[in-house]
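Open the model in your viewer and keep the selection tool at hand.

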Amino acid sequence: MEEQPALGSFRCGYVALVGEPNVGKSTLMNALVRERLAIVSPKPQTTRRRTLGILSGDDYQMIVLDTPGILQPKYLLQRAMMRTVSDALAEADVACVLCDAASGAPEAARLPDAVRSFPRRRIAALNKVDLIRPKERLLPMMEALDATGLFDEIIPLSALAGEGVERLLDALIQRLPAGPPFYPVDQITEQPERFFVAELIREQLFLQFAEEVPYAVEVEIAEFKERPGAKDYIEAILFVEHDSQKAILIGKGGAAIRSLGESSRSEIESFLDRPVYLDLRVKVSPKWRRDESSLRRFGYRG
Ligand code: GDP
Ligand code: MG
């Protein structure tokens with residue numbers, strides 16, 4: 001095939017964002033692709049599935065994979081979440097390993113084997129530097145990361161404030177292999193709208209409910225209907241593990257579920273850029289987080 005001159009210097013590839021829970025992977029994903037694709041919450045383990053974002057420039061296409069935080073799995077759902085991480089690394093051309101400067105970046109010392117044995121380029125992103133004063137306090141952390149000998153570059157940044165994100169972007173693009181774009185340049189993700197709708201509801205669950213409850217909920221979009229002359233109709237089922245969790249989600253006189261429905265609908269409408277009718281239902285699916293067939297039904301790979 002004759003080479004396209006315009007594509008001669010084009011780069012295209014996958015970047016996996018990996019690191020411990022809560023270090024800011026999803027926030028960085030959104031900052032890199034400049035879209036709010038990945039859900040973010042102050043609580044660990046908000047991200048359960050791989051989320052894909054695409055950023056296209058004049059001479060590159062970078063496909064970013066946001067992943068769940070690396071942890072020692074205690075039940076089947078967490079094992080499936082860790083599978084997501086190793087699958088993303090298997091696909092990736094570059095591993096972007098995030099550490100949290102605010103926690104002293106101890107993650108560097110216990111990087112899992114999947115990261116250590118990653119056969120291609122690794123870049124470390126030392127995130128949340130906005131929380132560090134004075135800046136000199138970053139130096140020992142940068143040195144500790146450097147001493148691991150695992151990283152091509154170590155970039156301090158704040159995904160939240162946008163500081164250092166451009167520098168990271170350049171470093172990542174430089175390391176993408178040469179090749180034509182995999183996706184149309186105006187495409188920003190490959191996951192369907194219903195995935196993001198379920199994720200936005202989960203985000204509100206993490207923001208509105210305390211303790212264990214959001215961890216025990218899986219959201220399934222049972223119906224997503226476009227209706228001519230009317231708002232889209234979305235029915236979401238919230239699966240919980242116990243009756244007591246169902247009671248908490250519904251709340252006194254249905255107040256909690258109403259408020260969850262309102263805030264979720266407003267987030268979904270701004271994501272889809274059109275009005276929707278959102279119907280939330282709660283069902284009990286005992287021990288779904290530990291049950292292979294429930295996890296399969298929810299689309300997790302064991
Ligand atoms: P993930 O679990 O690694 O995906 O982390 P999230 O992106 O969900 O972020 C976890 C928490 O850290 C959220 O409350 C974010 O707002 C916060 N966060 C992420 N990046 C930064 C940052 O650069 N600075 C500060 N101060 N907070 C951040
Ligand atoms: Mg996340």
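**Start inside**

Select strand β5, residues 121-127: six of its seven residues are buried, so the strand is largely enclosed by the rest of the structure. Buried means under 20% relative accessible area, exposed over 50%, and partly exposed in between, with a 1.4 Å probe and protein chains only. Helices (H or I, at least four residues) and strands (E, at least two) are DSSP runs, numbered from the N terminus.

A word on the numbers. This is a predicted model, in which local features need pLDDT of at least 70, side-chain atom pairs count only at pLDDT 80 or more, and totals for chains, interfaces and linings use all residues. Residues are numbered from 1 along each chain as its sequence is written, chains are lettered from A and ligands numbered from 1 in the order in which they are written, and side-chain values use heavy atoms, with hydrogens and water left out.

**Neighbours of β5**

β4 runs parallel to β5, and seven bridges join them. Two strands pair if DSSP finds at least two bridges between them. Pick Val-94: Arg-121 in β5 stands opposite. Ala-124 has Ile-154 in β6 as its bridge partner.

Go to Leu-160, in the loop between β6 (153-156) and α5 (165-174). Is Leu-160 buried or exposed? Leu-160 is exposed, with a relative accessible area of 73%.

**Helix α1**

Select helix α1, residues 25-33. Eight of its nine residues are buried, so α1 is largely enclosed by the rest of the structure. Lys-25, Ser-26 and Thr-27 are among the buried residues. The cover over the buried residues includes β1 (11-19), β2 (51-56), β3 (60-66), β4 and α5; contact means heavy atoms within 4.5 Å. Step just past α1 to Arg-34, which takes a positive phi of about 60 degrees.

**The three-stranded sheet**

Next, show β7, β8 and β9. They form an open sheet in the order β7-β8-β9, with mixed pairing. β7 (218-227) and β9 (276-284) are the edge strands, each pairing on one side only. From one strand to the next, the twist averages 15 degrees. β7 pairs with β8 (residues 230-240) in the antiparallel sense, over eight bridges. Pick Glu-220 and look across to Ile-237 in β8.

**Helices on the sheet**

Which strands does α8 touch? α8 packs on the sheet against β7, β8 and β9, and its direction makes about 135 degrees with that of β9. Axes are lines fitted to C-alpha atoms, for helices over the stretch in contact, and angles run from 0 to 180 degrees between N-to-C directions.

Select α7 (residues 243-250) with α8 (residues 255-272). They pack at about 65 degrees, with axes 5 Å apart. Ile-248, Leu-249 and Ile-250 of α7 meet Ala-255, Ala-256 and Ile-257 of α8.

**Last stop: α6**

Finish with α6, residues 193-208. α6 and α8 pack at an angle of about 140 degrees, their axes 9 Å apart. That makes α6 oblique to α8. Angles under 35 degrees count as roughly parallel, over 145 as roughly antiparallel, 65 to 115 as roughly perpendicular and the rest as oblique. Among the residues in this contact are Phe-196 and Leu-200 of α6 and Leu-260 and Phe-271 of α8.
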